[in-house]
Amino acid sequence: MCASYGLDPRFTDAELLAEADADILDGLRVWAERNAGETVRPTGKNLRNLNPLIVPRDGDAAWEASWWGYLVRGEPAKFPSINTRSERLQERPGGLKGRGIVPMSSWFEMHKPDRVWQEFALDNDALFGVAAVTQPGRTADGEEFTCYSIVMRPAADHLAEVHDRMPVLIPTAFAHDWLHADGGREIIDEALLAAASLDERVTVTPRKSDKGAANRLF
């Protein structure tokens with residue numbers, strides 16, 4: 001399960017969209033700088049830490065501050081909703097009607113049983129995109145948000161000993177299709193094939209915690 005990730009404003013190459021939109025990248029850097037290196041976590045009921053999400057808009061793409069996890073009847077979902085299994089989407093493709101891309105520069109998982117945090121990244125702190133499914137949500141006080149859930153798949157072979165699941169990474173060339181193609185079994189099948197092309201570029205670094213680069217073990 002992915003329950004925390006990083007968006008470092010010092011990200012190097014951007015691997016989000018085939019034609020990287022300068023406004024989107026600038027917006028992400030500004031957001032990340034304001035976030036001051038804090039780890040990105042699921043949105044809280046009281047402290048609404050909204051997070052950047054790339055969404056389709058008028059045939060193009062834009063980013064908006066979104067709610068990580070689903071809202072149901074005005075409250076955070078009682079069921080686990082921050083992650084969605086790719087296998088579930090293959091079985092029930094109706095959940096693919098709304099889709100987005102989560103920009104990140106790393107994600108974190110705890111290796112068990114030694115309980116050591118591990119940071120997963122792409123090359124040298126590159127900005128990359130992760131598949132998400134989305135749905136509209138409304139809080140009890142009437143505010144409306146785009147809610148998102150990160151799509152998880154079985155880990156690549158060289159990562160499986162560290163953690164058995166990983167996010168579905170979206171290569172730049174596939175980003176437009178993920179955002180705009182018709183929903184259905186085909187799009188998640190294609191996403192999984194595209195994600196595999198990035199597997200060997202994923203690196204792992206032990207951490208003291210999931211709270212930032214200062215916590216590297218070595």
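Which residue forms a salt bridge with Glu15? In this predicted model, the partner is Arg201, with the closest N and O atoms 2.5 Å apart. Arg201 lies in the loop between helix H4 (185-196) and strand E15 (202-207), and Glu15 in strand E2 (residues 14-15), so the pair ties together parts that are 186 residues apart in sequence. Arg201 counts as partly exposed, at 26% relative accessibility. Glu15 has a relative accessible area of 16% and is therefore buried, the limit being under 20%. The contact is part of a network of salt bridges that links Glu15, Asp123 and Arg201.

The structure holds 12 salt bridges. Among them is the pair of Arg41 and Asp210, whose closest N and O atoms are 2.9 Å apart. This pair also links distant parts of the chain. Arg41 sits in the loop between helix H1 (22-35) and E3, Asp210 in the segment after E15, and 169 residues separate them. Asp210 is buried, with a relative accessible area of 7%. Arg41 is partly exposed, at 31% relative accessibility.

Another salt bridge joins the side chains of Arg138 and Glu144, at 2.4 Å from N to O. Here Arg138 has 49% relative accessibility and counts as partly exposed. Glu144, at 57%, counts as exposed.

Strand E3 (residues 51-57) is largely enclosed by the rest of the structure, because 5 of its 7 residues are buried. E3 pairs with strand E4 (residues 60-68) in the antiparallel sense, over 7 bridges. Arg57 stands opposite Asp60 in E4. The hairpin of E3 and E4 has 2 residues between the strands. In this hairpin, Asp58 takes a positive phi near 55°.

The largest nonpolar core has 61 residues. Those with the most contacts inside it are Tyr5, Val102, Trp107, Ile150, Ile170 and Trp178. The surroundings of Ile150 illustrate the packing. Leaving aside residues up to four places away in sequence, Ile150 touches Tyr5 and Val102, both also listed above, as well as Cys2, Trp68, Ile82, Met104, Val130, Ala131, Ala132 and Pro167. Asn83 and Thr84 are also among the residues that Ile150 touches.

Technical notes. Residues are numbered from 1 along each chain as its sequence is written. This is a predicted model: local features need pLDDT of at least 70, side-chain atom pairs count only at pLDDT 80 or more; totals for chains, interfaces and linings use all residues. Side-chain values use heavy atoms; hydrogens and water are left out. Buried means under 20% relative accessible area, exposed over 50%, partly exposed in between (1.4 Å probe, protein chains only). Helices (H or I, at least four residues) and strands (E, at least two) are DSSP runs, numbered from the N terminus. Two strands pair if DSSP finds at least two bridges between them. A nonpolar core is a set of buried Ala, Val, Leu, Ile, Met, Phe, Trp, Tyr and Cys residues joined through side-chain atoms within 4.5 Å. Contact means heavy atoms within 4.5 Å. A salt bridge is a side-chain nitrogen of Lys or Arg within 4 Å of a carboxyl oxygen of Asp or Glu.
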